[in-house]
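Work through the exercises below with the structure open beside you. Try each task before reading its solution.

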Amino acid sequence: MSLSSSESVASSSQSMAASRGQPHPSASGHRGPRRHTTPQQHSTIEAYRRDVLRFTESYGPLPCTADDLLTYIKVLCRRVMPATILRRAMALQSEHVRRGLPTPTDDARIRLALRSLAAGKLPKDLLGDTKELPEPKRSSKAAPMTRALLNRIFDAMGGDSLDRRDRALLLLGFVGGLKRGTLCGLDLSDLTFTEDAMLVRIRAGGSKAEEKPARTIAVPMTRGPLCAATAVLQWISHNALEGASGPIFCRFARSGEPILTERLDSAYVSKIIKIRLLDTGITDVTAFSGESLRLGNALETNTRRRS
């Protein structure tokens, strides 16, 4: 099922309720308790969308009960880390609120479980026999990207459209020190080019996005092999995107053609980095992730300050 077809999901849950002789909440005008909602980053919205889809594919359409969610949490405790379980539960809560449905997270048992998960612990007391549950592992820090690695990556690249996108993506993320969600959330309208720089408008994200003004970073136009401004400009020119609107970085179809109107999912930044490193002959890329670009920028900045 696709969450983009929210109407079909809603109608299926409505028909299920009708078959049980129960009115659907939306039919009676009941939209559940009022909650304070805040803007979410694009990466959060995408992660929530995938989490809800993952749940509905296994457990059926929403709404779900507290018992369903508790069962789901118990299954996840044997597979993923507490932070991931917490995010998936929050995704379900967010989707219930968005549709005006009573949320299963209001249940006292679920709230206790969420407290444990938020503290980075598995809710063992609530889930019964948990002898088989794995102990949480400490997350390891991603390996930073370096200019030497970027040079190796670009030496192994060609000049097709996908290569141009990845070159621009990696360089802008590295030079700008941007998180993957921020990087993929950039629009063409956020860019302004001058003779000696590319100005990038970074819109505020998170829970206080409306209170924070956007900031602008200047990416120097060095015109060298690792010039992010040149790489982005070449990507735009290659696809004739001058004056266009929409995302800077788009996803590609299976045919290898760019879908310029569809934004690249931030989750794929890590995959792109790993694939590009493997192309250079590096065999172990497990330490690299989407955070490697930002960490590489921070490492370079700290080294420059010390010298």
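**Exercises on aromatic pairs and cores**

**Exercise 1.** Is Phe-252 buried or exposed? Describe its ring pair as well.

Solution. This is a predicted model.
Step 1: Phe-252 has a relative accessibility of 15%. The cut-off for buried is under 20%, so Phe-252 counts as buried.
Step 2: Trp-235 is buried too, with a relative accessible area of 0%.
Step 3: Trp-235 and Phe-252 form a tilted aromatic pair, 6.4 Å centre to centre, with 35 degrees between the planes.
Step 4: Trp-235 belongs to helix α9 and Phe-252 to strand β4, so their pair ties together parts that are 17 residues apart in sequence.

**Exercise 2.** Which parts does the pair of Phe-55 and Tyr-72 tie together?

Solution.
Step 1: The rings of Phe-55 and Tyr-72 are edge-to-face, with 5.0 Å centre to centre and 80 degrees between the planes.
Step 2: Phe-55 lies in helix α2 (residues 42-59) and Tyr-72 in helix α3 (residues 66-76), so the pair joins parts that are 17 residues apart in sequence.
Step 3: Phe-55 counts as buried at 1% relative accessibility, and Tyr-72 counts as buried at 6%.
Step 4: Ring pairs link Phe-55 and Tyr-72 with Tyr-59 into a cluster.

**Exercise 3.** How many residues has the largest nonpolar core, and which have the most contacts inside it?

Solution.
Step 1: The largest nonpolar core has 47 residues.
Step 2: Leu-172, Val-200, Trp-235 and Phe-249 have the most contacts inside this core.
Step 3: Elements that give two or more residues to this core include α9 (228-238) and β4 (250-252).
Step 4: Apart from it lies another core, of 21 residues, among them Ala-91 and Leu-117.

Conventions: Residues are numbered from 1 along each chain as its sequence is written. This is a predicted model: local features need pLDDT of at least 70, side-chain atom pairs count only at pLDDT 80 or more; totals for chains, interfaces and linings use all residues. Side-chain values use heavy atoms; hydrogens and water are left out. A nonpolar core is a set of buried Ala, Val, Leu, Ile, Met, Phe, Trp, Tyr and Cys residues joined through side-chain atoms within 4.5 Å. Buried means under 20% relative accessible area, exposed over 50%, partly exposed in between (1.4 Å probe, protein chains only). Helices (H or I, at least four residues) and strands (E, at least two) are DSSP runs, numbered from the N terminus. Rings of Phe, Tyr and Trp (its six-membered ring) pair if their centres lie within 6.5 Å; planes under 30 degrees apart count as stacked, over 60 as edge-to-face and the rest as tilted.
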